[in-house]
Amino acid sequence: MKVAVVKETAPGERRVALVPEAVAKLRSAGHEILVQSGAGARAFLPDESYSEAGASVLAPDHLAEADVILMVGRPDADQIGKLRSGQGLLAMLAPLADPELANRLATTGATAVSLDLIPRTLSRAQPMDALTSQANIAGYKAAVLAAASFGRFFPLLITAAGTARPAKVLVLGTGVAGLQAIGTARRLGAVVSAYDVRPETKTEVASLGATFIELTSVGPASGAGGYARALTDDERAAQQAELADHIAKHDVVITTAQVPGRRPPLLVTGEALKSMAPGSVLVDMGASTLGGNVEGSVPDETVVADNGVTIIGAGNLPSTMAASASTMYARNISSLLQYMIKDGQFTVDLADELIAGVVVAHDGKVVHPALTPATTAAG
Ligand code: NAD
């Protein structure tokens, strides 16, 4: 089978779908790998490293013959225009955020597979879970960014020139990214507290050496599939007010809260921000064009508020660690690809729960249950 790695075109995207190590593994499984020239350059992986691993490095026009196209993010309009019937496309397509994309992909006749839709509770899907691998990287980088922007030490330091008290870090949202942020801040020596609406994360927080904060005004808000549910307006207001007292007592706040299919919940209001001491740092991993966990945060922008609080709106953090992120993503996408190859052919078995969970479009139609029937393409 011919498998092609296409260069990402989204602004700021440095990752690549396969690294040379993954190329070598797929080659030894009998596949031919085509890599678009320059695909790995922004992850510090030159064309030669792919050639040495056994890939053919080619100009984009030569990738059309591939049976399957691998990408990190969405293809652009030009790349979608080059997809053909029967071809497979594996990428993090985030189709729920843009159902029209699913229609456009369906009209090409290609099979579009989205790694961000992997049913995460299936144990056989864990090696394919790109959301987890990339959230781990983002959580680590958020803590490192916070430490780099904070004008004081994270650890307790006792020196002849004086003693520095450890930084107090608060992590809001303790899913995959939040737990990694806690672990990283702890390894840097900070005293860490954390909060989540899902109380079942309390043991994980404690096992990392952090203190779990329990709010009295909001009850548990665990939703389906291990995720949180959206809070009601009253719950949200109560949560914001009670959190404000905790936020004021911390030097650094890292927010990671997400609710699937919704805008990120607002956890740090403008009032709470004002209560923080000058020099404090906020990293908002929920920052998005729709708004984030922190009032006024903007993705990929760092602003210093009038009261001397630095607000870092996280953008694509995994891309800032493109080498590690690509290595982990390559393992995820290779696992899914190999799972879908039966008797040497790219096979779409929609009777398999895992496959039905990830296939967005197939045979000219939008087939994912979360996107049908309203968005089903004609034909
Ligand atoms: P996520 O990115 O959707 O959300 C991050 C965190 O924000 C979650 O812990 C959520 O509870 C929290 N949150 C949402 N609204 C909040 C609010 N108003 N206030 C405070 N916190 C709020 O989640 P994720 O990190 O992708 O994963 C979430 C769950 O999925 C976890 O339970 C995780 O363990 C689970 N998971 C399971 C598997 C598996 O079973 N193999 C794999 C990956 C993740």
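Mentor: Welcome! Let's begin with a term: a crossing of two helices is right-handed if the near helix is turned clockwise from the far one by less than a right angle, and left-handed if anticlockwise. Please keep in mind that this is a predicted model.

Trainee: Thanks! Which kind of crossing does α5 make as it passes α11?

Mentor: α5 passes α11 in a right-handed crossing. The axes of α5 and helix α11 (residues 322-340) cross at roughly 165° and come within 9 Å.

Trainee: What makes α5 roughly parallel or roughly antiparallel to α11?

Mentor: Angles over 145 degrees count as roughly antiparallel. The angle here is roughly 165°, so α5 is roughly antiparallel to α11.

Trainee: Which residues make that contact?

Mentor: On the α5 side they are A130, S133, Q134 and I137, and on the α11 side S324, A325, M328, Y329 and N332. These residues of the contact divide into 5 nonpolar, 4 polar and no charged.

Trainee: Where do α5 and α6 lie, and at what angle do they pack?

Mentor: Helix α5 covers residues 130-149 and helix α6 covers residues 176-187. They pack at about 40°, with axes 7 Å apart.

Trainee: Which residues of α5 and α6 make the contact?

Mentor: From α5 come T132, A135, N136, G139, Y140, A143 and V144, and from α6 come V176, A177, Q180, A181, T184 and A185. Here the division is 8 nonpolar, 5 polar and no charged.

Trainee: How many aromatic pairs does the count come to?

Mentor: The count comes to 1 aromatic pair. F150 and F154 form it, with 6.0 Å centre to centre and 65° between the planes.

Trainee: How do you know whether F150 and F154 are stacked, tilted or edge-to-face?

Mentor: Ring centres must lie within 6.5 Å to pair, and planes over 60 degrees apart count as edge-to-face. With centres at 6.0 Å and planes at 65°, the pair F150 and F154 is edge-to-face. Both F150 and F154 are buried.

Trainee: Let's move to single residues. What makes S334 buried or exposed?

Mentor: Buried means under 20% relative accessible area. S334 has 9%, so S334 is buried. S334 sits in helix α11 and, leaving aside neighbours within four places in sequence, is in contact with L18, A22 and L26.

Trainee: And how do you know whether L231 is buried or exposed?

Mentor: The relative accessible area of L231 is 14%, so L231 is buried. L231 is found in the loop between β11 (211-212) and α8 (233-248). Apart from neighbours within four places in sequence, L231 is in contact with V197, V218, A221, R236 and Q239.

Trainee: What makes F44 buried or exposed?

Mentor: Exposed means over 50% relative accessible area. F44 has 65%, so F44 is exposed.

Trainee: What about A94: how do you know its class?

Mentor: A94 has 33% relative accessibility, so A94 counts as partly exposed. A94 lies in the loop between β5 and α4, and its phi is near 40°, again a positive value in a residue other than glycine.

Trainee: Which residues of α4 are buried?

Mentor: In helix α4 (residues 99-108), the buried residues are L101, A102, N103, L105, A106 and T108. They pack against α3 (77-82), β5 (88-91), β6 (111-114), β18 (359-362) and β19 (365-366). Just after α4, G109 takes a positive phi of about 85°.

Definitions and conventions
Residues are numbered from 1 along each chain as its sequence is written. This is a predicted model: local features need pLDDT of at least 70, side-chain atom pairs count only at pLDDT 80 or more; totals for chains, interfaces and linings use all residues. Side-chain values use heavy atoms; hydrogens and water are left out. Axes are lines fitted to C-alpha atoms, for helices over the stretch in contact, and angles run from 0 to 180 degrees between N-to-C directions. Helices (H or I, at least four residues) and strands (E, at least two) are DSSP runs, numbered from the N terminus. Contact means heavy atoms within 4.5 Å. Ala, Val, Leu, Ile, Met, Phe, Trp, Tyr, Cys and Pro count as nonpolar, Asp, Glu, Lys and Arg as charged, and the others, Gly among them, as polar. Rings of Phe, Tyr and Trp (its six-membered ring) pair if their centres lie within 6.5 Å; planes under 30 degrees apart count as stacked, over 60 as edge-to-face and the rest as tilted. Buried means under 20% relative accessible area, exposed over 50%, partly exposed in between (1.4 Å probe, protein chains only). Angles under 35 degrees count as roughly parallel, over 145 as roughly antiparallel, 65 to 115 as roughly perpendicular and the rest as oblique.
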